[in-house]
Amino acid sequence: MNELVATPRGWVESFGEIVRFTSKVVGEVLRLRVLRFFGEALRQAGILIVSSTLVIWGLVFIIGLQCGIEGAYFDQANGVPAYAGVFAAWCDLRELVPYAFGYMMAAKVGTGLVAELGSMRISDEIDALEVMGISGIRFLCATRLLASWMVLPFVYLASIGAGFFASYLAVVQQIGDVSSGGFFLIFWEFQNPPDLLYSLIKAMAMATVIVLVGCYYGYNASGGPVGVGTATAKSMVLNIVAVHLIGMLGTQIFWGANPRAPIGG
Amino acid sequence: MSFDQPGSGEERPTSGAQRWVPGGHDEPAPFAHAEQPGQGSQGEPREMGAAGSPDREADKEGLLESAYDVRERRPPVPEGHDASEHETAAGSDVDPTHALPAQGNAQSAGERSEARGSRVSVVDEQPPRPEPPDGASADEYQFHTYKVYPSGRPDTVEFIDVYKAFGRARILRGLNMGLPEGMVSMILGPSGTGKSVCIKHMVGLLYPDRGDVLVHGESVPNMADEQLFEMRKKFGLLFQDGALFGSMNLFDNVAFPLRQHTEKGEDEIEDIVMRRLNEVGLGDAREKMPNELSGGMRKRAGFARALVLEPDIVLFDEPDSGLDPVRTALLGELILEIHRDMMDDAKAKGKEHLPTFAVITHDIMSARRVADYINVLWRGRIVEAGPAEDMLNSENPFIRQFLAGESQGPLSMD
């Protein structure tokens with residue numbers, strides 16, 4: 001019986017640990033204590049821009065192409081080729097761009113954080129920082145969270161642009177069953193400005209969770225290089241689950257009751 | 001009896017606070033050990049924690065005799081109370097040479113009494129804890145005599161009955177230890193006895209399960225986060241592998257504490273950093289990244305970084321691991337040299353606390369060369385502690401074996 005209970009209890013415990021850790025990090029940012037290390041936050045923001053932006057945009061661009069191509073051929077087969085813009089407006093904005101962004105964040109930024117902070121932990125760098133009288137959580141984690149909040153909204157908005165642009169290229173330039181004007185007529189008809197905001201909220205929720213999970217597993221890594229590897233793998237699993245949960249819940253909350261296509265009828 | 005000094009042959013009662021009182025005698029019990037044979041001429045050792053409440057009683061009743069050491073006779077002083085009054089009252093009839101530490105001869109009596117008067121060791125007030133910890137047999141602790149030869153200085157860092165376990169591994173098991181101010185202390189011990197854990201307790205990276213750790217008289221485990229970060233600025237810590245930040249070059253690594261904690265301009269920072277780097281012989285490597293450096297260079301760089309804020313307490317976690325014997329010797333010399341410089345500096349500036357160095361090692365040679373004061377740690381407790389020459393002359397078979405580095409003796413592979 002004890003063994004049966006032990007595993008779920010372990011999950012609950014580690015979930016509680018994560019919540020406690022993340023609330024500390026978020027608290028450091030919201031109470032603006034992190035501003036003491038604003039320079040470090042800017043440096044992290046720079047690293048994020050230089051190292052991760054192009055990868056994210058590239059992935060979203062390819063997904064936008066695929067979405068456009070499949071949508072265009074499906075509509076062509078059903079005799080409504082002019083409606084290919086619906087796919088771009090819904091599929092890109094609501095689901096695929098957030099997911100692609102979330103996956104890429106988890107794979108590139110999340111694991112990078114775990115590996116970096118984890119190596120710092122096992123080589124005593126975090127302890128060295130603490131001994132110098134500098135809070136590791138503030139200097140390492142809160143600055144990274146702040147950096148991602150400063151940078152990622154713009155990265156994400158630009159990646160939506162990349163997705164839309166790719167869909168437009170595929171539908172209008174490559175397949176060409178619909179004119180540019182016809183595409184945009186439908187494209188804009190099927191989305192409102194709030195949709196962009198909802199999509200942004202979804203993506204930022206994903207990004208925040210990914211950065212926090214990455215910080216948690218990296219900051220608390222132990223057990224040498226193997227431990228860092230294990231922590232990286234664990235963080236990836238948790239992040240992918242979290243990305244899907246946020247994607248699903250976000251869609252239900254923001255668009256579930258949308259009268260154009262109410263989910264569940 | 002597990003804690004008896006071998007060869008003393010003296011049977012002591014073991015239970016409760018009365019255990020020190022020999023039957024049929026009215027005199028205060030803690031003094032009994034002063035009559036033990038075989039202590040040589042180094043000054044009478046103090047039983048760790050022996051000067052508990054009976055001592056206090058004795059003081060009140062004016063029963064003090066001059067047969068024991070200054071440190072022992074110093075009555076416990078309530079917080080905020082000036083100890084020097086007691087010092088002059090009680091210490092006037094004591095032969096000053098009696099209590100001198102190994103290197104204390106060079107100091108004037110005024111300095112010593114000033115150092116002592118500033119604060120009082122709390123370890124003195126601990127009740128005796130000679131029983132082996134839970135789950136251990138008396139045999140395992142038979143060589144723990146808990147003797148502390150007097151250093152004549154107040155303790156900068158004190159461990160009071162500290163217990164720490166990681167899961168089922170019990171590391172510190174009732175540790176009482178002090179690091180005297182203004183000295184280079186060694187914490188010596190076989191591998192896996194909790195030496196690094198000790199250091200982490202001093203700077204509040206780990207908290208004891210039980211007991212207390214005091215730094216300059218303040219309890220580390222009871223500090224709030226902000227207070228703790230402030231307190232840590234007193235420390236410079238050299239980690240085993242230097243723990244340099246991999247993302248910064250050598251110069252930025254050493255400049256990091258200055259940039260974070262001071263308002264100094266870049267020119268001044270460059271002056272200080274280059275002076276420290278030159279001191280450890282790395283002036284030419286300032287642009288190198290940590291992964292381009294050898295292990296010894298990383299250690300020296302870590303040393304430079306630990307010193308830039310001019311800390312009161314510098315801790316070295318196995319500075320000799322992974323170094324060849326010559327480099328180890330050179331590093332030892334460097335430690336001594338910098339300690340001398342910092343002592344001069346502290347005296348010139350009239351600092352409140354003299355620089356205290358603590359070196360963790362299991363390398364006997366560097367201990368013999370560098371140490372002023374030696375704590376020998378085994379099985380989570382101090383076996384004996386005292387100024388280096390007292391320790392090197394110790395009668396304790398464990399200490400003798402360990403300091404001689406022999407395979408024959410109480411310490412075996414298990």
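The term pLDDT denotes the predictor's confidence in each residue, on a scale from 0 to 100. This is a predicted model, in which local features need pLDDT of at least 70, side-chain atom pairs count only at pLDDT 80 or more, and totals for chains, interfaces and linings use all residues. Residues are numbered from 1 along each chain as its sequence is written, while chains are lettered from A and ligands numbered from 1 in the order in which they are written.

Q: What confidence does the predictor assign to chain B and to the complex?
A: The mean pLDDT of chain B is 73, and 68% of its residues score at least 70. Residues 48-119 of chain B have a pLDDT below 50, with 120 contacts in the model beyond near neighbours in sequence. Two residues are in contact if their C-beta atoms, placed from the backbone, lie within 7 Å. For the complex, the ipTM is 0.79 and the pTM is 0.75.

Q: Why is V148(B) called buried?
A: A residue is buried if 20 or more other C-beta atoms lie within 10 Å of its own, exposed if 12 or fewer, and partly exposed in between, with C-beta atoms placed from the backbone. V148(B) has 27 other C-beta atoms within 10 Å and is therefore buried. This residue belongs to strand β2 (residues 147-148) of chain B. From V148(B) to G242(B) the C-alpha to C-alpha distance is 32 Å, at a sequence separation of 94 residues.

Q: Which strands of chain B are called edge strands, and why?
A: The open sheet has four strands in the order β4-β3-β6-β7 (chain B), with antiparallel pairing. Its edge strands are β4 (169-180) and β7 (218-219) of chain B, as each pairs on one side only.

Q: How many helices and strands does chain A have?
A: Helices (H or I, at least four residues) and strands (E, at least two) are DSSP runs, numbered from the N terminus. Chain A has eight helices and zero strands. Its C-alpha trace spans about 65 × 50 × 35 Å along the principal axes. Of its 265 residues, 46% count as buried. Among contacts in chain A with a separation of 6 or more, 86% join residues 24 or more positions apart.

Definitions and conventions
Pairing = 2+ DSSP bridges.
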